[in-house]
Every structure is written in C-alpha cells, then in structure tokens.
Amino acid sequence: MFDINDLITALSKLPGIGKKSASRLTFFLLKNKDISGNLLTILSDVIINIKQCELCGQYTIKNICDLCSNEKRNKNKLCIVEEQNDMNAIEETGSFDGIYHILMGAINPLSGFGPEKLKINELKSRITKESFSEILIATNPTIEGEATFLYLKNIINSLSPSIKISKLATGIPMGGSLEYSDKLTLTKAILTKQYL
Ligand SMILES: [Zn+2]
C-alpha cells in the first residue's frame with residue numbers, strides 16, 4: 001500500500017512542482033475527493049487512450065489527428081517543432097496554414113540527448129513519401145534548438161535539395177521559447193521567416 005508520502009514524492013516529479021507544492025497538492029486532493037476522483041478518472045482514461053498521430057506525432061485519440069486530416073491545410077508546407085506546445089503556440093497565431101512534425105525534443109550535445117532520441121526517422125520517411133515544397137524549421141532560439149536546426153537542414157538538403165527551407169525570423173530572444181512568446185512576436189517571426 002502506498003502512503004501519503006509516496007503521493008507527495010510522485011507529484012514532486014512533475015515539472016515546476018517542488019516538494020512544497022507537491023505536499024500542498026496532496027492535501028488538497030485528499031480534502032476534495034470529488035476533484036481528485038474526477039482527476040483520477042480523466043488521467044487514467046487519457047493515459048490509456050491517447051496515442052500519437054501517425055503523421056505529425058501530436059497526442060490524439062485518433063490514428064491521424066484532425067489537423068493532418070484537415071482538407072484545408074496546405075500539405076506542401078511542413079513546420080517542424082520541438083514539442084506539441086510549440087505547435088499550439090504557432091496554431092494560436094493563425095499565421096501558418098500547413099501541417100506539422102513534432103520532434104519530441106531537441107538535440108542537446110551536452111547532456112547526450114542525440115538525434116536518435118527524436119522523431120527524425122519518421123521525418124525522413126515523410127519527406128520521402130509526402131510532397132513538401134517548403135519546410136519551416138521552427139525550433140527554439142536556444143543552443144539545443146540551433147543544433148537541431150542545423151542537423152535537420154543537412155538532412156532535408158540531402159534527401160530533397162529542391163525543398164525550400166526557412167527558419168523563424170529573429171525577434172524571439174535567444175534563450176527564449178516559442179511556447180512563452182507573445183502572439184504578436186511569434187506571428188511576426190512566422191511572417192518574416194528567413195529562407196536559407
Ligand atoms: Zn497529425
């Protein structure tokens with residue numbers, strides 16, 4: 001049987017949650033059984049049923065997500081992002097009408113997080129099978145994002161040199177992240193993207 005401390009420890013493993021917050025959350029959940037019961041049901045259902053879209057990799061209950069199967073999206077334009085949150089941030093600006101590929105991270109040479117841990121093989125196979133004329137590499141303006149950008153640029157160039165590659169214009173401060181950029185800055189970065 002697990003104890004209260006096990007729950008505190010488990011919650012403290014979540015991003016942004018320290019030991020103190022984990023303890024506060026634990027006592028809140030114990031006190032409010034209606035909320036914790038509902039959370040338990042949703043959490044287990046989502047964890048069991050959510051899978052990743054076979055194309056873009058976003059979390060969905062379908063094999064192919066709504067965005068990838070949307071007829072109105074431009075299937076010749078691909079935007080590569082690190083995480084689903086980055087895709088959501090770009091979607092909120094409404095200034096990109098193509099489809100996405102989520103890498104599930106970025107290359108981090110220092111911590112040994114190499115390209116083999118990212119959805120690169122899936123990307124390669126999409127570049128070969130689908131007909132992209134333009135790829136926007138929207139990695140974060142961080143050392144990891146830049147390393148990933150250069151790596152992807154080489155791959156795309158060698159697989160299909162005719163694809164136009166672009167990256168987000170500067171405007172997002174170095175070390176910043178797409179997820180936390182304001183809508184205006186991000187929209188501007190998409191609209192003034194640089195072709196390489
Ligand atoms: Zn999809």
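Read along the sequence, the protein runs α-α-α-β-β-β-α-β-α-β-α-β-α-β. Colour by secondary structure to follow this order: there are 7 helices and 7 strands, each a DSSP run numbered from the N terminus (helices H or I, at least four residues; strands E, at least two). Residue numbers start from 1 along each chain as its sequence is written. The model is predicted, so local features need pLDDT of at least 70 and side-chain atom pairs count only at pLDDT 80 or more, while totals for chains, interfaces and linings use all residues.

Zoom out to the whole C-alpha trace, which spans about 60 × 35 × 35 Å along its principal axes.

Next, select residues 4–49, which are domain 1, and then 71–195, which are domain 2; these bounds come from an automatic or database domain assignment. The centres of domain 1 and domain 2, taken over C-alpha atoms, are 33 Å apart.

Now select Cys-79, Ile-80, Val-81, Ile-90, Ile-135, Ile-137 and Ala-138. Within the largest nonpolar core, which has 32 residues, these have the most contacts. Such a core is a set of buried Ala, Val, Leu, Ile, Met, Phe, Trp, Tyr and Cys residues joined through C-beta atoms within 7 Å. Show β3 (77–81), α4 (84–93), β4 (99–102), β5 (134–137), α6 (143–159) and α7 (183–191) as well: each gives two or more residues to this core. The largest share, 4 residues, comes from β3.

Terms used:
A residue is buried if 20 or more other C-beta atoms lie within 10 Å of its own, exposed if 12 or fewer, and partly exposed in between; C-beta atoms are placed from the backbone.
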